[in-house]
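Here is a short briefing on a structure. Look through it first, then read the points below.

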Amino acid sequence: MPAPETQSLEALREENLQLRRAVEELSILNAIGSAIGSTMDLNEVVELIVQESVKNLNVEQAAVMLLKLDEEEADPFRTMARQAYSGSEIVPFRFGQQLTGWMLKHRIPLLINDLQSDERFRAVANAEFPIRSLLSVPLRAQGKMVGLLNVFNKRAEAGFTAEDQRLLSIIASQSSQVVQNARLYDQLQQRSKELQDSETKYRALMEESSEAILLAGVGQRRILEVNDQAVRLTGLPRERLIGRKIGGVLPVPELDNDETYGRIARGESVRVSFRFDEGNAPRYVDLSATLVSYGENRVIQVICLDVTERERLADHLRHHAEELEAEVGARTKDLRESQARLIQQEKMAALGMLVAGIAHEMNTPIGTINSNADTLGRSIEIIKAAIDKESTPDSVRSDTRLNRALQLLDDIAGINKIACERIVAIVGSLRNFARLDEAELQIVDLQEGIESTLTLVRHELKNRIQVVKEYGEIPRVRCHPNQINQVFMNLLVNASQAIKGEGEIAIKTFRKGDIVGVRISDSGVGIPPETLSKIFDPGFTTKGVGVGTGLGLSICFKIAEDHDGSIEVESELGKGTTFTLLLPVPPDLGKGAAE
Amino acid sequence: MSETERVPVIVIVDDEEMVLTSLRSFLMLETEYEVVTYNSPQQALKQLGDRSFDLVVSDYLMPDMNGIDFLLEVKKLHPFATRILLTGYADKENAIKAINDVGLYQYVEKPWNNDDILLTIQNGLERRFLMEKLEEKIREVQSVQQNLQDIQAQIIKAFI
């Protein structure tokens with residue numbers, strides 16, 4: 001055997017083998033390459049790679065394991081991946097600590113022909129699918145590891161060779177980009193589906209919404225989309241709404257100006273209320289415009305809430321409120337009138353009491369003067385008669401009647417003077433009490449008022465009630481004296497009426513800081529606790545029909561309040577009642593008086 | 001009023017000095033009565049127990065005692081004295097009630113009329129004296145009867 005021939009034959013054979021390999025590689029590349037053109041579907045691409053790997057490397061099984069897109073560098077133990085074995089669907093897969101973990105860590109091809117004896121991957125060998133040998137290469141795209149291409153169990157005694165590794169690496173390098181492209185495409189489709197879904201959802205929401213919704217573009221600010229409610233609100237068909245500006249279809253020109261648009265673009269929600277007169281009946285609308293995401297774009301969302309019904313109800317309510325107010329006004333007027341009548345009655349009652357008091361006080365001096373006038377008349381007749389008789393000193397001396405008449409003249413004159421003074425004093429008290437000429441605020445001495453009032457109610461007290469006075473040094477106060485005296489009158493009469501037999505009324509005046517107080521205590525029957533809280537209520541009376549109007553104390557209370565003061569009451573059944581009138585000391589009058 | 005009759009004693013009680021003076025002056029001018037005045041019923045009661053009087057005029061409304069209570073006390077001291085109440089218009093109801101309850105002779109309203117009050121006093125005194133005379137007569141009859149009984153007794157004694 002000539003060596004060169006053998007040699008050349010060997011070389012030829014070798015060359016032929018290399019050529020065949022090159023053809024194989026080319027055909028693999030061709031197949032994979034054509035797969036790129038034929039499909040962008042990830043499942044199909046993976047399946048193709050698996051099939052080509054099984055066929056070209058003569059193995060029992062092949063698997064493509066893919067790391068999650070965009071997470072190639074993440075913690076391997078937490079990385080969810082996808083894997084595909086020959087003949088199986090792509091299923092979720094978790095990169096573990098074993099083989100995949102090693103590959104993720106080292107990122108170099110791995111060739112094992114006797115897995116059983118390999119200390120590193122003992123657990124893998126015990127798996128359900130008995131692996132005897134394996135070859136694993138990383139899948140790389142744009143310099144990043146995107147997954148693994150694995151083949152298992154070489155159908156040859158020799159196991160995997162370096163040649164196999166080279167071939168698998170070629171397949172891996174050729175398919176990596178395809179896989180990645182398919183995955184990106186897949187992801188893109190997924191995203192666009194999601195977007196479509198959200199758009200659909202949004203559209204559904206828009207259509208279901210009871211409010212009119214208009215979407216306008218952010219650039220031209222022209223209407224892109226409207227719902228049926230918007231069509232109903234504007235009374236314009238959809239095609240006539242699309243493409244117009246919001247301000248062109250709704251009476252809100254401000255929405256089209258740059259300032260408002262700027263606010264919306266900054267994420268502010270712009271609200272406008274308007275009355276919409278287009279269509280059949282006027283509508284009241286609350287509009288809100290906001291920037292929202294719509295699919296991949298940002299659009300101006302204009303929601304129009306039809307508040308016509310609300311406005312109608314509000315209108316109705318307003319009308320109702322006005323009617324009620326009118327009624328309340330009328331009732332109040334009635335009440336005021338009846339209150340005025342009651343107050344008038346109370347005034348008449350007070351006046352009656354006053355008149356009785358005055359009449360009684362006047363009786364004594366008037367009776368005296370009346371009697372004296374008569375006595376004087378008689379005396380003058382006697383004196384005149386004596387003078388007519390051409391009297392002599394003797395006759396005068398002996399005329400007893402004349403002497404008596406002359407004798408009483410002095411007494412009568414003196415008494416008349418006293419009686420007149422008494423009448424003047426009573427009238428003075430009355431005037432002081434009523435202060436009819438002084439309806440305005442006066443600076444007055446409360447004790448003077450008490451004294452005047454006492455004069456007028458004296459006949460109520462005289463024969464059974466002792467009045468004990470304890471006047472402190474109090475400053476004068478600013479008040480309506482006639483009103484304050486009315487309070488004294490009321491309290492004194494009440495006190496005397498509370499005392500059934502004989503008793504005592506104590507009147508004390510005092511000053512406590514900026515407050516002047518008048519305390520009127522009686523030794524009367526007292527007020528039961530359950531009644532005590534009601535005594536200042538208008539119309540509350542215990543005196544029985546016809547005796548009191550039930551307004552006395554309520555008027556006192558009102559008078560005290562009108563003077564920025566108050567009336568306090570304390571009472572103990574069987575022991576008596578104390579009313580205290582408290583009035584503020586005017587700041588300009590408080591100085592110099594005892595504290 | 002005859003010279004032989006004793007001078008009637010009139011008591012006037014009122015807390016108002018002017019009323020006392022007016023009434024006293026008038027009565028002194030027009031009558032021969034002895035007029036005694038008090039401005040306090042309590043004080044009057046203290047002193048009236050020791051003296052005789054024929055008629056009392058009392059005010060109704062007085063600080064320490066009212067006129068009706070006072071006149072009731074007077075009745076206990078001198079049952080035959082005539083009692084008259086002087087009263088203001090406001091107390092009229094009380095006065096009328098008192099006339100029935102306490103047995104007053106009359107009431108006079110303030111302001112009074114001098115002639116009216118004089119007439120009332122004169123009538124009251126007349127009543128007082130009639131009562132006194134009636135009493136005197138009864139006493140006389142009683143004493144005559146006693147005498148008769150004594151004589152009868154002596155006659156019976158003499159005969160026995």
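**Briefing: a sheet, a helix and an interface**

Strand 7 (residues 212-217) of chain A and strand 11 (residues 297-306) of chain A run antiparallel, and six bridges join them. Keep in mind that this is a predicted model. The points below start with the sheet around these strands, then turn to chain B.

**The sheet in chain A**

- Five strands of chain A form an open sheet in the order 8-7-11-10-9, and their pairing is antiparallel.
- Strand 8 (223-226) and strand 9 (270-276) of chain A each have a single partner strand, so one side of each is left without a neighbour in the sheet.
- From one strand to the next, the twist averages 25 degrees.
- Strands of a sheet pair through backbone hydrogen bonds.
- In strand 11 of chain A, Ile300(A) is the residue opposite Ala216(A).

**A helix across the sheet**

- Helix 9 (residues 258-265) of chain A lies across strand 9, strand 10 (283-294) and strand 11 of chain A.
- Helix 9 of chain A runs at about 55 degrees to strand 10 of chain A.

**Where chain B touches chain A**

- Contacts link 22 residues of chain B with 27 residues of chain A.
- Helix 1 (residues 17-30) of chain B gives the largest share of chain B's side, 10 residues.
- That side of chain B has 13 nonpolar, six polar and three charged residues.

**Chain B itself**

- Chain B has five helices and five strands.
- Along the sequence, chain B follows the pattern β-α-β-α-β-α-β-α-β-α.
- Chain B has 160 residues, and 35% of them count as buried.
- Among contacts in chain B between residues at least 6 apart in sequence, 59% join residues at least 24 apart.

Methods:
Residues are numbered from 1 along each chain as its sequence is written. Chains are lettered from A and ligands numbered from 1 in the order in which they are written. This is a predicted model: local features need pLDDT of at least 70, side-chain atom pairs count only at pLDDT 80 or more; totals for chains, interfaces and linings use all residues. Two strands pair if DSSP finds at least two bridges between them. Helices (H or I, at least four residues) and strands (E, at least two) are DSSP runs, numbered from the N terminus. Axes are lines fitted to C-alpha atoms, for helices over the stretch in contact, and angles run from 0 to 180 degrees between N-to-C directions. Two residues are in contact if their C-beta atoms, placed from the backbone, lie within 7 Å. Ala, Val, Leu, Ile, Met, Phe, Trp, Tyr, Cys and Pro count as nonpolar, Asp, Glu, Lys and Arg as charged, and the others, Gly among them, as polar. A residue is buried if 20 or more other C-beta atoms lie within 10 Å of its own, exposed if 12 or fewer, and partly exposed in between; C-beta atoms are placed from the backbone.
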